[in-house]
Amino acid sequence: MNDRHEPLRLLPKRKKGILRLLFSRLIIFAALILIQILIFLVIYVRMNEILPYFRIFQYVFSLFMVFYLFNCGMDSSAKLTWLAVIMAAPIPGTALLWYTKVNIGHKALTRRVSKLISDTKSAIPQDEAVIKAPEIISSGTDDLSRYLCRTGCFPLYSGTKSRYFPSGEEMFEAMIEELEKAEKFIFLEFFILDEGKMWGTILSILREKAAQGVDVRVMYDGMCEISSLSFDYPERLAKLGIKCKDFAPIRPVVSTHYNYRDHRKILVVDNNTAFTGGVNLADEYINLKPRFGHWKDSGIMLTGDAVRSFTLMFLQMWNITERVPEWSFVGIPNRTTSGDGYVMPFGDIPLDNEKVGENIYMDILNRSTTFVHIMTPYLILDGELENSMRFAAQRGIDVRLILPGIPDKKSAYAVAKRHYRSLLSAGVRIYEYTPGFVHSKVFVADGLKAVVGSINLDYRSLYHHFECAAYLYGASCIFDIERDFQATLAQCREVTRETVKHEKLGYRLLGGILRMIAPLM
């Protein structure tokens, strides 16, 4: 573990106990939101009492919303969930459906993000020689590139080296080395920051680099204000010369705005190197703070031209709250390098009705010829993705899934198990990592293709989060990814039809109930 820098803390260590919990921001916010819900319920009851035709209006409105549900472009699994909710509670259910669809709280965000993406569609031109390479055409990667370029600016690159990390510990060491080389800028965008050895060591370097004149910017998801950081953390970083923003900070107001989280993991240094993967900046990701047994994670470092795409993705998020967007960092020259294979970084946003992450995964499954090996912490699938897995296995493809043996969320673990029987019946092989929790998000196929990034196989990640990843074709690190899969597989127990029969009754019941509302989880 890196000891060259003394970890820096900006917050006092949190005290534990019932009093801290009772007076925490989470409890206060929850109480305020509960009060708002109670006010709405009181208004609803009073409307029923004083307006004789209000109940007729409710039934007409409910019929209209059901008609809308059948005719909208929503995923079929989500439609079934909403129908179950409406069947259980017709009036509140249809009101909730309407509330989620009118986009209260994030219409402005949708317009802003759409404009930023539209304005940068041509920020990084595609090298036509790359897209016309024979192996790219024969593999269908050119088609995938065209699809991604319709959703954003995601060129396919050849001049990029890639290095895979089979653990958060190894990735952390490499991140420190690259941060120490920074001369122009450092951009960090992570779902979770938490004070400790990992973030404290990085923060110590960021302070030094900011003092040297390096442009240092940090973004994290606003949920951190509830779970790990203080609400004034950006101001604390500003005192160190570090620019900081929290995405969608939590406020004690009922809004669908909080449904969309920034789940990305991005570190960019000088347009020379970029990191992404499953690793957040907190000690559990490097096994210094055990929570669910051994934490198995992974990531990737890119060096060369493809780094520009991660710079652009970071700036698109950063510029959401900037009056005058700035894109000049995308054009800063990087160190020339000769890459092996091809790299295509890409992002996914929840505001454009494009399921980019899911489509990439299904493309890999549908084009596979020998095997598709997957590591994921969660398995909460819609009908399309589950069918793609089943179809690949039924075609004779060796489809294998590695999932956690020790879950971080028992509810998600229970829902995952509800997919086991269907997948096993099609020939998919499923394994659970016995030492602990798998947080890696990895697809590797045929020894030729791979995806490493932040995208889980669950509804939140595929539908509701801002995500990112790197698509690899023909890169030498793909062999390292497959080697890591096999090494992890050796530490797993295989799930069979027999073990599914003997699954704990509690998990079976909980999974069956929660699967009905899985798209809302």
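Asp270 is buried, with a relative accessible area of 2%. Buried means under 20% relative accessible area, exposed means over 50%, and partly exposed lies in between (1.4 Å probe, protein chains only). This is a predicted model: local features need pLDDT of at least 70, side-chain atom pairs count only at pLDDT 80 or more, and totals for chains, interfaces and linings use all residues. Residues are numbered from 1 along each chain as its sequence is written, and side-chain values use heavy atoms, with hydrogens and water left out.

Stay with Asp270. Its phi is near 60 degrees, a positive value in a residue other than glycine. Asp270 sits in the loop between β6 (265-269) and β7 (273-277). Helices (H or I, at least four residues) and strands (E, at least two) are DSSP runs, numbered from the N terminus. Now compare Asn353. Its phi is near 65 degrees, again positive in a residue other than glycine. Asn353 belongs to the loop between β10 (342-348) and α15 (356-367). Asn353 is exposed, with a relative accessible area of 79%.

Go back to β6 and β7. They pair in the antiparallel sense over three bridges. Two strands pair if DSSP finds at least two bridges between them. Val268 has Ala274 in β7 as its bridge partner. Both strands belong to an open sheet of seven, in the order β1-β9-β7-β6-β2-β3-β4, with mixed pairing. The edge strands are β1 (160-165) and β4 (243-247), and each pairs on one side only. From one strand to the next, the twist averages 10 degrees.

What lies across β1, β2 (185-190), β6, β7 and β9 (299-304)? Helix α10 does, running at about 155 degrees to β7. Axes are lines fitted to C-alpha atoms, for helices over the stretch in contact, and angles run from 0 to 180 degrees between N-to-C directions.

Helix α10 (residues 168-180) also meets helix α11 (residues 197-211). Their axes come within 10 Å and cross at roughly 5 degrees. The two helices are therefore roughly parallel to each other. Angles under 35 degrees count as roughly parallel, over 145 as roughly antiparallel, 65 to 115 as roughly perpendicular and the rest as oblique. Among the contact residues are Phe172 and Met175 of α10 and Ile202 and Ile205 of α11. Contact means heavy atoms within 4.5 Å. By class, this contact has eight nonpolar, one polar and three charged residues. Ala, Val, Leu, Ile, Met, Phe, Trp, Tyr, Cys and Pro count as nonpolar, Asp, Glu, Lys and Arg as charged, and the others, Gly among them, as polar.

Next, take helix α3 (residues 54-71) and helix α5 (residues 90-101). They pack at an angle of about 55 degrees, with their axes 9 Å apart. That makes α3 oblique to α5. The contact includes Tyr59 and Phe61 of α3 and Leu97 and Trp98 of α5. It has 10 nonpolar, three polar and one charged residues.

Strand β15 (residues 442-445) runs antiparallel to β16, joined by four bridges. Ala445 stands opposite Lys449. Three residues lie between these strands in the hairpin, where Asp446 takes a positive phi near 60 degrees. Five bridges join β16 to strand β17 (residues 465-473), also antiparallel. There, Lys449 stands opposite Tyr473.
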